[in-house]
Amino acid sequence: PMSETEFDTRQDKYEKVTKNIAFCGGIWTWMGHTCDNKYTLGNVKTSLPKCKERGINIVYGSVWGNDGQECNHFYSLLGAQAYGENMYNKEVSDEQLKENFEFTVKTSYDAFIDMSDFHHIFDGREKSREYWARAYGKKLLFSDIMCGLTDHYVYTNPMVEHYQALKEKFSVYRQNENDAFKYHFEYLEAIFDALSLKCYIAKNL
């Protein structure tokens, strides 16, 4: 995610052009089948406090549909909630965001965090600046395992275990009959199951 120094550097350049500045941040729905909420929240924690500090009063959380539009836009609701909470509160803790998100959307905050790991095996707040490492879920799902284009990544990272663990998590999330996203969690369980199987076959050919 963007650092405070990086934000200030860009902002200083913009202010040389105009003082009438709006901030447009991204809720990461592109690059595959799930929203990267870890990366989104990491950027929110840096950028929105800086907007308040620097007097930027117009803020957008943008949702894009490029790269195939595989991601359901409802998966962006956690990011939208984070932007909303920051509009009305000086500071927003993870606990406050979780409580209000689960009350508002009637679903699991933890599931929305875990769906981020479709993209990578890293903690999104710490290592996601490695952009292409964050985009491997889509590559692994759509690649032809007979061509071997993703073999190096599968051989050097524990992707079989990674996606198997995610499948098991979502098999638990989907069991809540009262969860508004039960059907979506069933879908994501199937996605992670397919990824685990593809990675296993590719690794053992």
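Colleague: Quick one to start: is glutamate 189 buried or exposed?

Modeller: In this predicted model, glutamate 189 is buried, because its relative accessible area is 13%, and buried here means under 20%.

Colleague: Where is glutamate 189 found, then?

Modeller: Glutamate 189 is found in helix H10, which runs over residues 182–204.

Colleague: And what does glutamate 189 touch, not counting residues up to four places away in sequence?

Modeller: Leaving out those neighbours in sequence, glutamate 189 touches Lys167, Phe170, Ser171 and Arg174.

Colleague: Let's move on to the rings. How many aromatic pairs does the count come to?

Modeller: The count comes to 15 aromatic pairs, and one of them is formed by tyrosine 75 and phenylalanine 112, an edge-to-face pair with 6.4 Å centre to centre and 90° between the planes.

Colleague: Which parts of the chain does that pair link?

Modeller: The pair links distant parts of the chain, with tyrosine 75 in the loop between strand E2 (58–63) and helix H3 (77–88) and phenylalanine 112 in helix H5 (residues 109–114), and the two residues are 37 residues apart. Both tyrosine 75 and phenylalanine 112 are buried.

Colleague: You mentioned Phe170 as a contact of glutamate 189. Why is the pair of phenylalanine 170 and phenylalanine 185 edge-to-face?

Modeller: The planes of phenylalanine 170 and phenylalanine 185 stand at 65°, with the ring centres 5.7 Å apart, so the pair is edge-to-face, given that plane angles over 60 degrees count as such. Phenylalanine 170 lies in helix H9 (residues 159–173) and phenylalanine 185 in helix H10, 15 residues apart, and both of these residues are buried.

Colleague: Which residues form one aromatic cluster?

Modeller: One aromatic cluster is formed by Tyr75, Phe101, Tyr109, Phe112, Tyr163, Phe170, Tyr173, Phe181, Phe185 and Phe192.

Colleague: Changing topic to the other end of the numbering: at roughly what angle do the axes of helix H1 and helix H2 cross?

Modeller: The axes of helix H1 (residues 4–17) and helix H2 (residues 37–53) cross at roughly 45° and come within 9 Å, which makes H1 oblique to H2. The crossing of these two helices is right-handed.

Colleague: Which residues of H1 and H2 make the contact?

Modeller: On the H1 side the contact is made by Glu4, Phe7 and Asp8, and on the H2 side by Thr46, Ser47, Lys50 and Cys51.

Colleague: How many of those are nonpolar, polar and charged?

Modeller: The residues of the contact of H1 with H2 divide into 2 nonpolar, 2 polar and 3 charged.

Technical notes. Residues numbered from 1 in each chain as written. Predicted model: local features only at pLDDT ≥ 70, side-chain atom pairs only at ≥ 80, totals over all residues. Heavy atoms only, no water. Axes fitted to C-alpha atoms, helices over the stretch in contact; angles between N-to-C directions. Helix = DSSP H or I, 4+ residues; strand = E, 2+ residues; numbered from the N terminus. Parallel < 35°, antiparallel > 145°, perpendicular 65-115°, else oblique. Left-handed = near helix turned anticlockwise from the far one by under 90°. Contact = heavy atoms within 4.5 Å. Nonpolar A, V, L, I, M, F, W, Y, C, P; charged D, E, K, R; others polar. Phe/Tyr/Trp six-rings, centres within 6.5 Å; stacked < 30°, edge-to-face > 60°. Buried < 20%, exposed > 50% of the residue type's maximum accessible area, 1.4 Å probe, protein only.
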